[in-house]
Amino acid sequence: MEKIRAYELSKAFGIPSKEIVKVLHDYEVSTKNHMSALSEYELDVIFEYYTQKNQVPDFSMYEPQKKEEVEPVEPEITEEIPMEEIEIGRKVRMVDTRVNTVDLDRIDDEKIEELIPENVREEGGKKKQKINQKKKQQGKPQNARSKNQPEDLIKKTEKKKKVEKLHILIPETITVGELAERMKKPAAEVIKKLMLLGIMASVNENLDFDTASLIAEELGCTFEKEIILTDEEKLFNDVEDAPESLKPRSPVVVVMGHVDHGKTSLLDCIRNTNVTEGEFGGITQHIGAYRVRVGDKKITFLDTPGHEAFTAMRARGALVTDIAILVVAADDGIMPQTIEAINHARAAEVSIIVAINKIDKEGANPDRVRQELTEHGLVPEEWGGDTICVEVSAKKGTNIDQLLEMVLLVAEMKELKANPDRPAKGTVIEAQLDKGRGPVASVLVQNGTLRVGDLVVAGTAMGHVRAMNDDKGRSVKKAGPSIPVEILGLSEVPEGGDVFYVVEDERKARAVVENRKFKEKQERQKKTTTVSLDNLFEQIEAGKMKELSIIVKADVQGSVEAVRQSLERITNDEVRVNIIHGAVGAVTESDVMLASASNAIIVGFNVRPTNGAAEAAADADVDIRLYRVIYDAIEDIEKAMKGMLEPVFREAVIGHVEIRTTFKVSGVGTIGGAYVQDGKIQRGSKVRVVRDGIVIHEGELASLKRFKDDVKEVTAGYECGLSIDKYNDIKDGDIIEAYVMEQIEA
Ligand SMILES: Nc1nc2c(ncn2[C@@H]2O[C@H](COP(=O)(O)OP(=O)(O)OP(=O)(O)O)[C@@H](O)[C@H]2O)c(=O)[nH]1
């Protein structure tokens, strides 16, 4: 009778035999070593333990797929063959471990299969059958707990049941090594799994989240995505509020509509009739928004009418308003900007209340407005829809109270809430530099409470709130949700639409602000039109420059003149060199200012920029070139000028390549296996993908390989592998036309 030994089992399951021995020991079944043959009962215990632990990836493979089909034949085994279970493609095979010199990381699936002797493959099958068959004979459920298990074993098994799958966090990308470490598995195991999925990756290679999570699943781990917080996310407290901490807040309203339909008149009318009433010292100040009292409630109005401002804010991520009042003149009806306003409000998921204005006017036809509204999907309530329409006259103040009542009604339905007991967050409505007071920002607090002394970050501005004024110009110490205030104390002027946060950590805040500034500068540089010798050519090409302005600074007056003359001589038909300033001395800040204002470069001979100048130049992107020899300067500028000669390009087809097969490579995209029909294809070629005679894509070659190596070019009659930059839709039979742009010398 054949015996299964602990070490064989361990190989089949990919777990240390020591562990098997320990499990048996823990269960007080017997004292075993790794060479011990295991009884059927002991096998049951092991099966049970690992099934419940659900930790062994290939464990399920040990169970026959269709138990009832197992023939009860006693196999004849003449020799004990050490077996190992190996996954080949989607199948699992038993492999003779005597061929374990096989380096799984080096060979492909087919080779593995070749290496497995036929009789060994059968052997594996027989062994599996045998285990289950014996259990069947003994009337024991296969892979289930034995009926005659001792009490304490049952208890222990119950305890083990609580052992859960290893739960790991997987970020957007993770190296193979890091993934293995998190799964507490050897990296080789991960590499092997990847290989069997058709992905060749070394320990240091990055896997994307999808691949990594697949491997984790296969190796018996549960996972969740690891969210790596940026500095900003760490700094800004965006924790959701507990429902019980939320208190009602007043609605924030914007007025939109077509030109001249009465937006400003309506805002003025509301302000004049409602603000001063019962307010102390109520001379309204323009701070971009104001609050009005209606009974015991309040409404906040943004006082920049129009959807452009509203959308500009939204484009910056600021969702400020709850309700839009759509003003439609009763004598004019729905006009193009009315429709735009409707669409903008809808896009922002803001409730719309229609104010049919100018009803005092002759020719006012409110019903026509209602009819037109219906045509645009806003069916008035009185016609069975759910759009509230109020007929008003902003000029005469008619029905304004009713309109405000409706705003409150809609607000009530929306159950607008915020948590006043947390650090404030909100949006900058507008901001400017005040001569006496420095940067002044009008902000709308949207959540939390803003207090004097709070440290605020808004866009690239930060600072402690030095003073705060409300919309009546009164100094206030704090402002809660839906309250607009003007704040002083920021380091610079933020932009309207910037979201602001009150933060704790000044050091982190500074880092975040610096980082934002850096990014902004990078953005600006991308769009910059400041000239430098490096971008001269592009600028000329874009038609932005016909004259190169230069400031010359030198150590002695003689040099200034010599340089001026030499440089002016470079002037050709395309570009004129213009020395706008020449003087003796170091490159100073005022030189940089002049250069910046006149889009000039600075050329210095045997001089250095002052500290301030270097800094200013970096800020303003002014190109300072320092030379010791005049000839070098002339050569540099001449080179740049050559680039200025308007280049003429012509397209030249260099070859055609036929795609014969394609395959997808994770992290790379679609690779085409191809054959060069004529000419050649080169690295960096421009390509057109032609399918059935139609050009379906134009782009650039991303990679070109012969076998595994990157090559510069592949000529007619040879095969190659290629991929196209940002294009993964190549198919068998596509023709890739490779071409280059040739410059025609003038
Ligand atoms: N008769 C009458 N005239 C009104 C009423 N409301 C506004 N107007 C007049 O309509 C004209 C335009 O009003 P505004 O409030 O400037 O309109 P607006 O929509 O703000 O216009 P823009 O700011 O240019 O987009 C002004 O001459 C107002 O006096 C109203 O209810 N009745």
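## Two helices side by side

Helix axes here are lines fitted to C-alpha atoms over the stretch in contact, and angles run from 0 to 180 degrees between N-to-C directions. Helices (H or I, at least four residues) and strands (E, at least two) are DSSP runs, numbered from the N terminus. This is a predicted model, where local features need pLDDT of at least 70, side-chain atom pairs count only at pLDDT 80 or more, and totals for chains, interfaces and linings use all residues. Residues are numbered from 1 along each chain as its sequence is written, and side-chain values use heavy atoms, with hydrogens and water left out.

With that settled, take helix α19 (residues 589–598) and helix α20 (residues 611–620): they pack at an angle of about 20°, and their axes are 8 Å apart. That angle makes α19 roughly parallel to α20 (angles under 35 degrees count as roughly parallel, over 145 as roughly antiparallel, 65 to 115 as roughly perpendicular and the rest as oblique). On the α19 side, the contact (heavy atoms within 4.5 Å) is made by Glu-589, Val-592 and Ser-596, while α20 brings Gly-612, Ala-613, Ala-616, Ala-617 and Ala-620. Sorted by class, that gives five nonpolar, two polar and one charged residues. For the classes, Ala, Val, Leu, Ile, Met, Phe, Trp, Tyr, Cys and Pro count as nonpolar, Asp, Glu, Lys and Arg as charged, and the others, Gly among them, as polar.

## The whole chain

Stepping back, the chain has 21 helices and 37 strands. Of its 746 residues, 45% count as buried (under 20% relative accessible area; exposed is over 50%, and partly exposed is in between, with a 1.4 Å probe and protein chains only). Looking at contacts between residues at least 6 apart in sequence, 70% join residues at least 24 apart.

Arg-688 sits in strand β32 (residues 686–691) and counts as buried because its relative accessibility is 10%. Its side chain makes a polar contact with the side chain of Glu-737 at 2.7 Å and another with that of Glu-698 at 3.0 Å. A polar contact is a pair of N or O atoms within 3.5 Å; within protein, one must be able to donate a hydrogen and the other to accept it, and residues adjacent in sequence count only if both atoms are side-chain atoms. Setting aside neighbours within four places in sequence, Arg-688 also has Glu-651, Val-695 and Tyr-739 among its contacts.

Asp-734 belongs to the loop between β36 (719–724) and β37 (735–744). With a relative accessible area of 1%, Asp-734 is buried. Its side chain pairs with that of Arg-691 through a polar contact of 2.7 Å. Not counting residues up to four places away in sequence, Asp-734 touches Val-657, Glu-658, Ile-659, Val-689, Val-690, Arg-691 and Asp-729.

## Helix α9 and its cover

In helix α9 (residues 209–218), the buried residues are Phe-209, Thr-211, Ala-212, Ser-213, Ile-215 and Ala-216. Their cover includes helices α7 (176–183) and α8 (187–196), along with strands β5 (166–170) and β8 (221–225). Just after α9 comes Gly-220, with a positive phi of about 75°.

## Ile-400 in α15

Ile-400 is in helix α15 (residues 400–414) and is buried, at 2% relative accessibility. Beyond its neighbours within four places in sequence, Ile-400 is in contact with Leu-266, Cys-269, Ile-270, Val-392 and Ser-393. Ile-400 and Ala-355 are 45 residues apart in sequence, with their C-alpha atoms 9.2 Å apart in space.
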